[in-house]
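Good morning, and thank you for coming. Please look at the model on the screen while I go through its charged side-chain pairs.

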Amino acid sequence: HSHAESVMYDGRLYTWALRCDSVARLRLIIPATVWLSAVLAAAAEEHRYCIIGAGSAGIQIGHFFKHAGRDYVMFEKSARAGSFFETYPKHRQLISLNKRKVREGRSADFAFRHDWNTLIDVRAAENRTRPMTERSKELFPHASILAGYLQEFAQE
């Protein structure tokens, strides 16, 4: 089958991805306290790809896999995508640029290459998640803005 599996347990969302073809492999990724029948049932299924974590990289590759029709599953220890940015960095200001403007005459592709926080969205323009550059005017935005963006992007 071509779908991701996830289980909510104790306020945490567990979504998975390695080649999840055995319970033994799953034990390497998920703590013993999470052994629910739903997790075991999902572990018994085989998936071609396994994504660990729903941070920026995990969400991005999951987006590509979904739109390419790949058989994958994703594991995330938190109940929300991008939850790392709800706590870190401790000073709460991102160190990645939110470059909203580029020199006149530059293409949209050029501008996108200088946007360090927005993910690549392969959907039609009208269905895309609003980019980070439209969410904050700050050159180094607050981390909660990125967390919200990642959560919205992951909901597609």
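**Salt bridges in the predicted model**

Let me begin with Arg80, which pairs with Glu86 in a salt bridge whose closest N and O atoms are 2.7 Å apart. Please bear in mind throughout that this is a predicted model.

In general terms, side chains of opposite charge can pair when their charged atoms come close.

I turn now to Lys66 and Glu156, whose side chains meet in a salt bridge with an N to O distance of 3.8 Å. The cut-off is 4 Å, so this distance qualifies. Which parts of the chain does the pair tie together? Lys66 belongs to helix H3, residues 56–68, whereas Glu156 sits in the segment after helix H5, residues 143–154; the pair therefore ties together parts that are 90 residues apart in sequence. Lys66 is partly exposed, its relative accessible area being 41%. Glu156 also counts as partly exposed, at 28% relative accessibility.

Finally, consider Arg123 and Asp121. Their side chains form a salt bridge at 2.6 Å, N to O. Are these two residues buried or exposed? Arg123 is buried, and Asp121 is buried as well. Each of them thus has under 20% relative accessible area, because that is the limit for a buried residue.

Thank you for your attention.

Definitions and conventions. Residues numbered from 1 in each chain as written. Predicted model: local features only at pLDDT ≥ 70, side-chain atom pairs only at ≥ 80, totals over all residues. Heavy atoms only, no water. Helix = DSSP H or I, 4+ residues; strand = E, 2+ residues; numbered from the N terminus. Buried < 20%, exposed > 50% of the residue type's maximum accessible area, 1.4 Å probe, protein only.
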